[in-house]
Amino acid sequence: MSVHMHREIDKLKKHILALGALVEENVQLSLKALSTGDKSLADRVLDRDEEIDRKEVAIEEECLKILALYQPVAVDLRFVVALLKINNDLERVGDQAVNIANKVEITARAGNASLLHVFESVMVDKALWMLRESLNALVNMDTGLARKVRATDDEVDNLKGEAREAFLREITKKPDHARTLLALFGAARNIERMADLACNIAEDVIYMVEGNIVRHGGNQADK
């Protein structure tokens, strides 16, 4: 039974990595749609989200089947439980991409004049790095990399605060652009939320490998 279970677990890992790649692509697509004002790209993000949702449900069903049929213990149990959580977090990252895509219709009207450069910034680069490297940490079971991802979350939070101040200054100078600017700041918050979810994935990798629960300030030496 153990051989069969590990085959199923290996398949599960491949499925979650395929989902992660799809989610990462959709995030990149949503940011491109935002920076270019391309509504057709935004529509592609929305269409692809349906596939992400289907994959997320299928992976959850596979996790539950393994738990029911094989009743894994110890490392195998941690792995399946952590993948259930990672699966859900990846779907939520996909939702943030959808939220960004939904703002394109509003932001496109303002052209490139209203702080679109924020979405080619260090904050965006760091958030995308966190998402990519949290998945690499999962592929390689690399807790050192997972800890680096976790540590980067505070930097993204600080950068989002700086972006907020920039948007407030711009709204003061251009109050008639307030709707567009608020939509753009909403997109910045979506990006910051992606970083939070990438941090969650990194924390689940640490739990998966070591059995340490480091979220909510646990094991502060790691952060």
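This is a predicted model: local features need pLDDT of at least 70, side-chain atom pairs count only at pLDDT 80 or more; totals for chains, interfaces and linings use all residues.
Residues are numbered from 1 along each chain as its sequence is written, and side-chain values use heavy atoms, with hydrogens and water left out. Local features need pLDDT of at least 70 and side-chain atom pairs count only at pLDDT 80 or more, whereas totals for chains, interfaces and linings use all residues.

**First selection: glutamine 71.** This residue lies in the loop between helix H2 (39-70) and H3; helices (H or I, at least four residues) are DSSP runs, numbered from the N terminus. Glutamine 71 has a positive phi of about 45° although it is not a glycine. Most residues other than glycine have a negative phi. Glutamine 71 is exposed, with a relative accessible area of 61%; exposed means over 50% relative accessible area, buried under 20% and partly exposed in between, with a 1.4 Å probe and protein chains only.

**Next: glutamine 96.** Select helix H3 (residues 74-101), which contains glutamine 96. Is glutamine 96 buried or exposed? It is buried, at a relative accessible area of 12%. Neighbours within four places in sequence aside, glutamine 96 is in contact (heavy atoms within 4.5 Å) with Asn190, Arg193, Met194 and Leu197.

**Then helix H5.** Residues 122-140 form H5, whose 19 residues should span 27 Å at 1.5 Å a residue; the expected span is 1.5 Å times one less than the number of residues. The end C-alpha atoms of H5 are 26 Å apart, which agrees. Among the buried residues of H5 are Met123, Ala127, Leu131 and Leu138. The buried residues of this helix pack against helix H1 (2-36), H3, helix H6 (143-173) and helix H7 (178-210).

Methionine 141 lies in the loop between H5 and H6. Its phi is positive, about 50°, although methionine 141 is not a glycine. Methionine 141 is partly exposed, with a relative accessible area of 27%. Select aspartate 142 next: it caps the N-terminal end of H6, with a side-chain oxygen 3.0 Å from the backbone nitrogen of glycine 144.

**Last: H6 and H7.** H6 has 31 residues and reaches 46 Å from its first C-alpha to its last, close to the 45 Å expected. How do H6 and H7 pack, and at what angle? Their angle is about 170°, and their axes are 9 Å apart; axes are lines fitted to C-alpha atoms over the stretch in contact, and angles run from 0 to 180 degrees between N-to-C directions. That makes H6 roughly antiparallel (over 145 degrees) to H7.

Methods. Helices (H or I, at least four residues) and strands (E, at least two) are DSSP runs, numbered from the N terminus. A polar contact is a pair of N or O atoms within 3.5 Å; within protein, one must be able to donate a hydrogen and the other to accept it, and residues adjacent in sequence count only if both atoms are side-chain atoms. Angles under 35 degrees count as roughly parallel, over 145 as roughly antiparallel, 65 to 115 as roughly perpendicular and the rest as oblique.
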